[in-house]
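Below is a set of questions and answers on a structure. Each answer ends on the value or name asked for.

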Amino acid sequence: MTDFGTASAAEIASAVSAGRVGAHAVTSTVLERIARLDGRVNSFTDVVSERALARADALDAARARGEALGPLAGVPFAVKNLFDVAGLPTRAGSKINRERAPAERDATLIARLEAADAILVGALNMGEYAYDFTGENLHDGPTRNPHDLGHMSGGSSGGSGGAIAAGLVPLVLGSDTNGSIRVPSALCGCFGLKPTYGRLSRGGTFPFVGSLDHLGPMARSVEDLALAFDAMQGPDPADPVVADRGIEPTAPTVDSGIGGLRVAVAGGYFARSGDPEAFEAVRTLASALGCERTVDIPEAARARASAYLITAAEGATLHLDRLRERGGDFDPAVRDRLIAGAVMPAPFVERAQRFRRWYRAAVLDLFREVDVILAPATPCRAPRLGQKTFVLDGVELPVRANLGIFTQPISFIGLPVVAVPVWPDDGLPLGVQIIAAPWREEVALRVARHLEREGLVRAPVAKLD
Amino acid sequence: MPTETRPEFDPEAYLQAGLGLLDLTIEPNWAPAIVANLKVLQAAAALVGGFALPDEAEAAPVYEA
């Protein structure tokens, strides 16, 4: 018998649509599970029980009237707390923003998931203003890794990764500027989709770095990623960057296999400065895909450095007034980087943006010869909570800035990526990035689904009961 | 005869000048961490700046993939 507290989104939607279970029953089960278990993980900052149950009752009533329900019927979901949720201040992980007036309406992507009959149950912890790879929040406490509570969830979408791995909801939304979906997906053992830059609307979300910000889903199955992604696509006047493209569904083809796809492993930059097991995870998946080819993503170190500079400058500009007036209310780890970014000379940033043009063309050339590139998501498994440094290739480096060394050069030019979880042993997981050409999310999802079907990647619920 | 000089970069002095320019005030104990971050940004900029770009390489602040 299906446990709807930990079932997949697809299972729940199928059961609710067919009347095998009511949306109210599913929602109640999920809310009870959050209340019982999240004190140990600390993934939720807000639970909107009343709203969720009212929405569930409305869905059950609609079905009783004979109305067809949407593709995410009765699926509970939660969002990183930088998404506007009507009635809540959009705190974006900060102390300062929680003094804002409550949002008047939901973010675009929440509205789209609810239009597909999903049910919002709450908002999730995150690193302050999304400038984070650890999942540690000074004001709300860290999200702990559900698979080992003494370890980091990864960030900045740490609550998103924690909620999925703890089995609190089957679907969450996160944001990814430099790796903030892919890093927690890797450390918590989840599937995460960072779509093409400009694919999903950022309308109604608190920004970080406008020229790098992406939103996307995280889940425990590839099918659930595809279902959610499909429900959220489409233009939106509320986001000046979102592309004027029609919906390109991925769920219908996600199970169509990998026939004809050309797969390569990223070498060079992506094959050093990490634990050997991070590269072994990539090789394992490459072997299963019949891949023997290695490609060099050119100048990836400069791409990462450019993303680092643009992030510091744009983030600082966004927060300059708050830094002037409320500097003491920031997390110092965020504030100190922002102030350094604020005083940085303009040519540092403009040069990085010009390099981006060159790098985009160089990487797109690679996709003439391959369809998918594999690379590690993080250089190591989840560090311990509070850990400040780690050693990569014999060099001691700050954890906070370096967990994203393999994700930053990819999001820098907006390529779509599915992060898939690999479990080398009984310990914590690692993640691998499945990277595709712009607008080819469908290809990355097909490869991820093939690996999932072969049993090589999976996202189990952590044992917290 | 005048000789060309390039002063050594002094991040502490640069920070203080930048704070004045931007009308930003900091607590004295924030400065060491900000300076450390400034040095990281300087190194990143040196890496990026070391790559020769054609004049036609137009900045891509809002990026369409």
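Q: Is N42(A) buried or exposed?
A: This is a predicted model, in which local features need pLDDT of at least 70, side-chain atom pairs count only at pLDDT 80 or more, and totals for chains, interfaces and linings use all residues. Residues are numbered from 1 along each chain as its sequence is written, while chains are lettered from A and ligands numbered from 1 in the order in which they are written. A residue is buried if 20 or more other C-beta atoms, placed from the backbone, lie within 10 Å of its own, exposed if 12 or fewer, and partly exposed in between. N42(A) has 21 C-beta neighbours inside 10 Å, so N42(A) counts as buried.

Q: What is the phi of N42(A)?
A: N42(A) is found in the loop between α2 (23-41) and β1 (44-47) of chain A; helices (H or I, at least four residues) and strands (E, at least two) are DSSP runs, numbered from the N terminus. Most residues other than glycine have a negative phi. N42(A) is not a glycine, yet its phi is positive, at about 65°.

Q: Is D393(A) buried or exposed?
A: D393(A) is found in the loop between β10 (389-392) and β11 (395-398) of chain A. D393(A) also has a positive phi, of about 50°, although it is not a glycine. With 10 other C-beta atoms within 10 Å, D393(A) is exposed.

Q: What is the omega of the cis peptide bond that joins G155(A) and S156(A)?
A: S156(A) lies in the loop between β3 (119-124) and α5 (158-165) of chain A. Most peptide bonds are trans. The bond joining G155(A) and S156(A) is cis, with an omega of about 10°.

Q: How many residues of helix α7 of chain A are buried?
A: Helix α7 spans residues 222-232. The buried residues include E223(A), D224(A) and D230(A) as well as L225(A), L227(A) and F229(A). The helix is largely enclosed by the rest of the structure, because the buried residues number 11 of the 11.

Q: How are α4(A) and α7(A) oriented to each other?
A: The axes of helix α4 (residues 108-115) of chain A and α7(A) come within 8 Å and cross at roughly 110°; axes are lines fitted to C-alpha atoms, for helices over the stretch in contact, and angles run from 0 to 180 degrees between N-to-C directions. Angles under 35 degrees count as roughly parallel, over 145 as roughly antiparallel, 65 to 115 as roughly perpendicular and the rest as oblique. The two helices, α4(A) and α7(A), are therefore roughly perpendicular.

Q: Which helix gives the most to the side of chain A that touches chain B?
A: In all, 39 residues of chain A are in contact with 29 residues of chain B, contact being C-beta atoms, placed from the backbone, within 7 Å. On that side of chain A, α9 (300-326), α10 (332-343) and α11 (346-366) each supply at least two residues. The one that gives the most, with 11 residues, is α11(A).

Q: Which residues of α2(B) make the contact with α11(A)?
A: α11(A) and helix α2 (residues 31-49) of chain B pack at an angle of about 45°, with their axes 10 Å apart. That makes α11(A) oblique to α2(B). From α11(A) the contact uses F348(A), R351(A), A352(A) and F355(A), and from α2(B) it uses L41(B), A45(B), V48(B) and G49(B).

Note on methods
Two residues are in contact if their C-beta atoms, placed from the backbone, lie within 7 Å.
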